[in-house]
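Take a look at the chain below.

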Amino acid sequence: FVAALAQFLTVDPRNIVKLLSQAHSTTDGRYEVFLRFFTGLPRAAWILEEFLGPFPNETTCRVIDFVKEEVQRQIRNAGREFGQRRLLNTMHYLFESQNPALAQQTLGSVETLSFQGLGLTPIYCAVLSHAIRLCDTIKHLD
């Protein structure tokens with residue numbers, strides 16, 4: 001959490017997407033917790049601002065844009081098992097953001113989500129439940 005917070009508050013907003021993309025591009029999962037904390041910071045900003053001062057608005061906007069673009073990219077690539085796993089991991093960012101408008105923008109046109117053959121942990125089920133609850137267009141979960 002501290003690593004994500006430090007980067008959120010100190011990195012030039014123009015470099016945030018590059019930072020997030022580099023962390024997201026690793027395939028061994030070592031930055032997943034960092035990314036989940038990072039994508040949840042815009043939601044927590046109002047609580048933390050009392051102690052840390054204002055959060056950079058441009059950074060917040062760029063993080064939201066990153067989540068939107070990544071979820072949409074992973075939906076397009078979800079046809080293979082590796083793509084399904086990446087989509088599940090990316091949906092964690094959507095879950096952490098707790099942003100209903102963002103969920104509707106990214107998943108609003110999706111009618112079917114398929115994770116056939118993947119073992120779903122309780123946390124994956126919670127993430128999927130959150131997504132389905134926010135997007136009434138998802139009619140089929142496989």
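## A histidine in H7

His130 sits in helix H7. This is a predicted model. His130 has a relative accessible area of 6%. The cut-off for buried is under 20%, so His130 counts as buried.

What does His130 touch, leaving aside neighbours within four places in sequence? Its contacts are Leu94, Phe95 and Gln98.

## The nonpolar core

In soluble globular proteins, nonpolar side chains tend to be buried together. Here, the largest nonpolar core holds 38 residues. Phe38, Met91, Leu107, Leu113 and Phe115 have the most contacts inside this core. At least two core residues come from each of these helices: H1 (2–10), H2, H3 (32–52), H4 (57–76), H5 (81–97), H6 (100–107) and H7 (122–134). H3 gives the largest share, with seven residues.

Leu113 touches Leu87, Met91, Leu128, Ile138, His140, Leu141 and Asp142. That list does not count residues up to four places away in sequence.

## One face of H2

Helix H2 spans residues 16–25. Its buried residues are Ile16, Leu20, Ala23 and His24. Seen down the axis of H2, they fall within an arc of 100 degrees, so they line one face of the helix.

Which residues make a nonpolar surface patch of about 390 Å²? Phe1, Val2, Val33 and Phe37 do. Phe1 belongs to the segment before H1. Its relative accessible area is 42%. Buried means under 20% and exposed means over 50%, so Phe1 is partly exposed.

Notes. Residues are numbered from 1 along each chain as its sequence is written. This is a predicted model: local features need pLDDT of at least 70, side-chain atom pairs count only at pLDDT 80 or more; totals for chains, interfaces and linings use all residues. Side-chain values use heavy atoms; hydrogens and water are left out. Buried means under 20% relative accessible area, exposed over 50%, partly exposed in between (1.4 Å probe, protein chains only). Helices (H or I, at least four residues) and strands (E, at least two) are DSSP runs, numbered from the N terminus. The arc is that of the directions from the helix axis to the C-beta atoms. A nonpolar core is a set of buried Ala, Val, Leu, Ile, Met, Phe, Trp, Tyr and Cys residues joined through side-chain atoms within 4.5 Å. Contact means heavy atoms within 4.5 Å. Patches are made of residues with over 30% relative accessible area and no salt bridge: like charges are joined within 9 Å, nonpolar side chains (Val, Leu, Ile, Met, Phe, Trp, Tyr) within 5 Å. Accessible areas come from the Shrake-Rupley method with a 1.4 Å probe; for residues, only the protein chains shown count as cover. A salt bridge is a side-chain nitrogen of Lys or Arg within 4 Å of a carboxyl oxygen of Asp or Glu.
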